[in-house]
Amino acid sequence: MANANVDVLKRIPVREQEPLVRAKNFEEVCLGYNAEEAMAEASRCLQCKKPKCVGGCPVSIDIPGFISKVAEGDFEAAAGVIAQSSALPAVCGRVCPQETQCEGVCIRGKKGDPIAIGKLERFTADWAREHNVVPKAPEKTNGIKVAVIGAGPAGLTCAGDLAKLGYEVTIFEALHEAGGVLTYGIPEFRLPKSTVVATEVENVRKLGVKIETNVVIGKSITIDELMDEENFKAVFIGSGAGLPKFMGIPGENANGVFSANEFLTRNNLMKAFRDDYDTPIKAGKKVIVVGGGNVAMDAARTALRLGAETHIVYRRSEAELPARAEEVHHAKEEGIIFNLLHNPVEILTDENGQVKGCIVRRMELGEPDESGRRRPVEVPGSDFEIEADMVIMALGTSPNPLISNTTKGLEVNRWRCIVADEENGKTSREGVYAGGDAVTGAATVILAMGAGKAGAKGIHEYLSGKKD
């Protein structure tokens, strides 16, 4: 039932740092709802009998269920509802593309603003963290060992679900900290590490999951050795897609050209932006970021905070930008310059091999390609130079082939992605399951989590003898 003082057609605004202030710091941009704001926003929910929002959520959270508890002020119960489906609610509330998923199909949004489902999920998870509401581990395990490769969104979700079912789960993480892309890829100003990410990783541990860091599967130990020598009865591969793509244009090997992966990892995982860390980072004065996805926005907004004039160069128009609308909006507010319908054709260097600029070519949109987006077409004779001392390539990533190259019988496709059943994560190798970016290529956190849940279900069916 809506609060009498609430306009049910309008979303309760969420507080944010002022653009000119936040452009100079790495503190979180969005400040979130307080209890009163959250209850008011939750009161707008229609509590649909056939809620489309649940179908729009890749992990099928009971959205009306948790929102009704928020509206009542029973935040602990709301957290309990979410915990049944999601191990990473404070993360998802911040970085999921709700506008194309749950909120995109919200019935309230047909006449007025959709319910701010993401902001309510974030509020609930933050309240639970601040009030020490933690998940309960199962009373006993079944003694069956399962290995999970990668402590990112897919791996953490799969491990958490399997632990709840009583399995003895160990996650093997290549880096020195758990979290995967949540830790190394997404900046602090969108996703705080020490509070949000660390707490949600710790909550997975509290379910009984062991996490071993600095273990590179395929180098430190292979999947065959895990199964044959360490007695793991099943393996889930959630190793992500960390191999960056480049354009292959002249000058791309110059000093001052970075992949977005390296640039963001130095800042996010290795804390280069902090004065009390010694991690080296090139802070350009004029930076070009090539690409239009969320990673491009993250790299551009990070470079801006390090003191650069920053340009996004993207070959399509604003309507085709794959980044979340919220991230594009924030980037514009902060002063990022968008050079849309432009594409780099050459990186220029000085006598020392250092980047000094980029030749870009104007584009126009032609007929749609296989993705449904209109194909960019070069405009002859339109080249011009943008001055820059640093270029960051944010063109997507593909899976590292190390695991597939060291695991017999594991089928991959032509993009080196592991071939796995979408319904249950099953691969061509018996007892080995996979999901997330290792299967799909670079995608979203919530889709990786959905794949982790599917993998856990597949492994449980396999180990229970309930094969299709």
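Author: A pocket here is an open set of grid points with protein on both sides within 12 Å along at least five of seven lines. The model is a predicted one. Its second largest pocket has a volume of about 520 Å³. The lining counts 25 residues. Closest to the centre are Ala 79, Ala 83, Val 133, Val 134 and Pro 135. By class, the lining splits into 14 nonpolar, 6 polar and 5 charged residues.

Helix 14 gives the largest share, 3 residues. This cavity holds about 140 Å³. Its lining has 13 residues, and those closest to the centre are Cys 30, Arg 94, Arg 190, Glu 326 and Glu 327. The class counts are 3 nonpolar, 2 polar and 8 charged.

Now the second largest cavity, with about 120 Å³ of space. It is lined by 16 residues, with Cys 45, Cys 48, Cys 53, Cys 106 and Ile 107 closest to its centre. Helix 3 (52-55) and helix 4 (63-72) each give two or more residues. Helix 4 contributes the most, with 3. Here the lining comprises 13 nonpolar residues, 1 polar and 2 charged. In total, the structure holds 4 cavities of 30 Å³ or more.

Five strands form an open sheet in the order 5-4-3-6-18, paired in parallel. Strand 5 (210-212) and strand 18 (432-434) stand at the edges; each has a single partner, so one side of each lacks a neighbour in the sheet. From one strand to the next, the twist averages 20°. Strand 3 (residues 145-149) and strand 4 (residues 168-172) are joined by 5 bridges. Val 146 sits opposite Val 169 of strand 4. Across strand 3, strand 4, strand 5 and strand 6 (234-237) lies helix 8 (residues 153-164), at about 170° to strand 4.

Last, the setting. The protein chain has 17 helices and 18 strands. Its C-alpha atoms fill a box of roughly 65 × 65 × 50 Å along the principal axes. A compact globule of 468 residues would have a radius of gyration near 23 Å, and the chain agrees because its own value is 23 Å.

Key:
Residues numbered from 1 in each chain as written. Predicted model: local features only at pLDDT ≥ 70, side-chain atom pairs only at ≥ 80, totals over all residues. Heavy atoms only, no water. Pairing = 2+ DSSP bridges. Helix = DSSP H or I, 4+ residues; strand = E, 2+ residues; numbered from the N terminus. Axes fitted to C-alpha atoms, helices over the stretch in contact; angles between N-to-C directions. Contact = heavy atoms within 4.5 Å. 1 Å grid on protein atoms, 1.4 Å probe; cavity = no way out; pocket = protein on both sides within 12 Å on 5 of 7 lines; lining within 4 Å. Points joined across faces, edges and corners; volume = space filled by probe spheres on them. Nonpolar A, V, L, I, M, F, W, Y, C, P; charged D, E, K, R; others polar. Rg over C-alpha atoms; globule rule 2.2 N^0.38 Å.
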